[in-house]
Amino acid sequence: MSSAVRTASPRRRHRSAGRVPWRWLALLLGALVMLFPLYWMLVTALSDTAAVTSGPLRLWPESASLAAFRRAFELLPFGQFFVNSAAIAVVAMLLSVSLNLVAGYVLAKYRFRGRQVVFVLVLSTLMIPVQVVMVPQFQLVAGLGWVDSYWAVIVPRAAEAFGIFLCRQFMLGLPDEVLEAARLDGAGHLRVFWSVVLPMSRPLIAVLVILTFMYRWNEFAWPLIVLNDQRLFTVPIGLAFLQGQYGTDYPALMGMALLTTLPVVVVFALFQRQFVEGVARSGLR
Amino acid sequence: MACHRVAGLPAGDHSDPVAPSSGSIPPPSGHGRGLSRRRFLAAASLGTLALTGCGTGFSLARGEGTGSVEGRLSFSLWAGDAELTVFQELADAWTRSSGVPVALNVVPFGELLTGVDAQLAGDRAPDLFRVTYQDIGLYAAGGALLDVTDRLPREVTQGFTDAFRQAVSQDGRLYGVPHHTDTSLVLYDVEAVQAAGLDPPTTLDEAWTWEEFTDAARRLPTRADQFPFAVNWQQAGAYRWLNWVAQNGGRLLDDDLTGPAVDSRAVREALVLTQGFFTEGLVPPTTSTKGSYADELFTTQTIGMVFAGDFLLPTIEPTLAEQGRQYGATFLPRAESAAADLGGNAVVATATSVNPEAAADFLAFLAGDEAQARFCEQAVVLPTRTALIERGLEYALRPDLMELYVEQATTISQDLVEQVTVPQFNAVNTSLVERLESAFLGNADAGEVLDGLADDIEGRLS
Amino acid sequence: MTTAATAAVTVRAPGTPEPGRRRRRGGEAPAAWALLAPNLLLFGLFLLLPLLATSWLSLYSSSGFGPREYVGADNYRELFADATFWRSALNTAVYAGLTVPVSLVLGLGVALAINRPMRGRGLLRAVYYLPYVISGVVVAVAGRWLFNENVGVVNRALRAIGLPGVAWQSEAVPAMAALVLISVWTKVGFAMVVYLAALQGVPAEYREAAATDGASRWQTLRHVVVPLLRPTTVFLVVLGVIESFQVFDVVYVLTGGGPGNATEMLVTYAYAEGFDARRQGYAAAIGVVTYLVVLALTAVWWRRQRGREVVS
């Protein structure tokens, strides 16, 4: 959000002192409800199983212990899994976001026969239930010799309809005059994209980064099928192992589930300020 | 983790990103964007850091894969901790003598066959995989498995009991080795059983009859959130319901295994009895065939008795020890006769393996007397070889209970084995899951449930 | 599909240029196709081709390996007579019909309430958004733990205050409720952010109305603000319906489709048929039908939407 918007905003009436801020209290209560599942996961992670499943109900940990985290890290190389997940998610994100931006730009600002057809075709892929096409996808990836490599996870999901849709909607709003001027100055297609379009698309990029990183970091079924070597596993696959071959260690599972969520939260925190503006200016409204 | 160091960047949000504006979109410009620029730099550095710091991740960008490649055996399996340790030990031992390395690819139980199916379809199947006796028929019939009839030494194949050799055979050909078996017993919480004044039977001959068992269950003291017991017939384990059928002298499939045989008094009685467990509230409603695994409720003290396989002991033992609880075991209830389920797993080689000799040699080693004894003792599961059954094993855990499991396993009948290893059994099992669920939770009429089951079986066997 | 884009553009601030109105130099097509090529290649190879393969497979009886047999339209014929398929379709519709409106209404409520200066606003907003970034698997795992009928905290809390526990896992209605609740938990934040963004396009005096007290507040909201947010709502509904029809992870881990078929969804049913019952051809048919249904729903919705926009 730019400061231009902030200064343009009218001064608002501030709540007179002494009144009960009902609205604020309601929001706070709602926020507590939203946080409770995560809080209970934390309590579980810090307790032993018996303490959170039997005896009188207690909403806070009786005695906090990191034993569950230790168990998880002893059982599986979660450190390695985090590194793998990060490597895959970051590379996949950079690739996807670049591809999205280029496609969105072309679909928004170029006139050519077949543009609508391409756009509709791209959007129609959004409705494909991935679990159903998983086997042919695997056959393809196997045919390319990619099985058990990061590329098998990254490349097949690199083109992403929703991202392209966002980019197109956002870029429809970019002023044509600026682009035209740059072209008249003799800038080529890539040059215009790189030095004119991209600098105007920061809020959009923030949205894409958050959504894509989240999507790729959280992916489960596909990596599980194309990655076989344990040294390549991602964190969500590790979580599946914690759900037990025989019996589930709930504290360890909850602890690692929470840890898994942290990186996404960090990325969100980093980019969230531009997020709302990005959403506001893309097709999401 | 190095790649997360960027988390330290100021991420606090004191301004108002969505402060009300005049409603128009501001012209995108580079002015007045100090903050966003910094944020943008942060983004860039996040990318760079992640790429360099986590570049270590990419040094591994390609794994060894599970596809069959020459000079190595790949083996896909699920395994608990105890199992994995001994699998690794045995694989290492075989590698020392054969010179061929074995790559173990461990996958959660629920996902293994999905992966194997995709790999078979993509022509990337491993050399070997672990499979239940209920699923093996499907793969054999689909031509996915290596016919090892003439590849295994006679002393190996003749060493299995008839029932287990049968379990991995189709049309007289052998498609793998019966690696081990399991069966179920009723585990009980000693304190709860004593409080109820119960004295669980200690020999097979004295095993509780259905009526005695039900009476015993009713006497177990329970709080509002507790139940007397639970049975292990969830999901892939639905076939364990057939124990009740067999105990009552009934069959699921007819004698030549080509059609249903559920329209009988014996089967109906078994269904009515087990349905009664739910309607009477003797078992938690969450332990129906689509529900959650029964053993978890035993460790959380929700139930006083649980039907559980021997392979669960390595999980249950430490958990209960930690809680300071004592548990014992008694035999499955009996009616006309005693009967127990065919649990356990086979190991198979794939038809597309490029190392058929090595794969067969590994199977022969794994299922030989010595390796099987080692595996069963360490993983606390039961052997399939006559010699081991006769001589007895020294189990690493609760040998007292394992003695009972061994005894119970003698009631796994050839009859039942034949029925649960037909090629289509896995489809029949999914029907069992659905139909029993409707009886247990939907309170459907027993006759209708069995009619539906018969229809399904007819469709799936054809 | 382009109608949604049009709808979105119509609420855009005045002065935003329409695409492609200006005169173009000729010869843009080669550059456009060249720039689109990588995307088109990836879509074609990894989505459209597998979709075609799946459609093809739906005409066969196949376990996924071994011999397959051509059966023509048999899978589809069986599908339309399959009670479980219809149940899954109904469940999916119910799931979408509950999850989407509830998360939208709550999201809008939070957005309206939070769209003004207040203490800890950034933090509050982040908290509401937080569940959205959590993976489906983690959400389901958390849900299963919370709503565990025997030892879950929800039922333990109910029992602690003397109420009976709810049969979240063994009765149809509570199981669907648990699924919807946990889904709404993750979706409220997204709706909130999108509505917050959209509220920027609502003139200040109307937004102000939401903040003032008195009798007219509700009226203004109902008759001015909500209609102004209409394109946003439509967008969220369409997106929500698409997502709901593809729901998998949460259901697979949380309920596995049970009890009975009470929470079986189209995609979980396809998965179960394909990988449990090993009827890949039949599973493919379910997948193809699901795809077509979502495609048709979205198209119809957007077309109607455009009709309304034109009329008004």
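Q: Where in chain B does Asp171(B) lie?

A: With helices (H or I, at least four residues) and strands (E, at least two) taken as DSSP runs numbered from the N terminus, Asp171(B) sits in the loop between β4 (169–170) and β5 (173–174) of chain B. This is a predicted model, in which local features need pLDDT of at least 70 and side-chain atom pairs count only at pLDDT 80 or more, while totals for chains, interfaces and linings use all residues. Residues are numbered from 1 along each chain as its sequence is written, and chains are lettered from A and ligands numbered from 1 in the order in which they are written.

Q: What is the phi of Asp171(B), and is Asp171(B) buried or exposed?

A: A residue is buried if 20 or more other C-beta atoms, placed from the backbone, lie within 10 Å of its own, exposed if 12 or fewer, and partly exposed in between. Asp171(B), although not a glycine, has a positive phi of about 50°, and it is exposed, with 8 other C-beta atoms within 10 Å.

Q: Which loop holds Gln235(B)?

A: Gln235(B) belongs to the loop between β8 (227–230) and α10 (242–247) of chain B; its phi, near 50°, is a positive value in a residue other than glycine, and with 19 C-beta neighbours inside 10 Å it counts as partly exposed.

Q: How many residues of chain C are in contact with chain A?

A: Contact is defined by C-beta atoms, placed from the backbone, lying within 7 Å, and 89 residues of chain C are in contact with 77 residues of chain A. Helix α2 (residues 28–57) of chain C gives the most to that side of chain C, with 19 residues.

Note on methods: Two residues are in contact if their C-beta atoms, placed from the backbone, lie within 7 Å.
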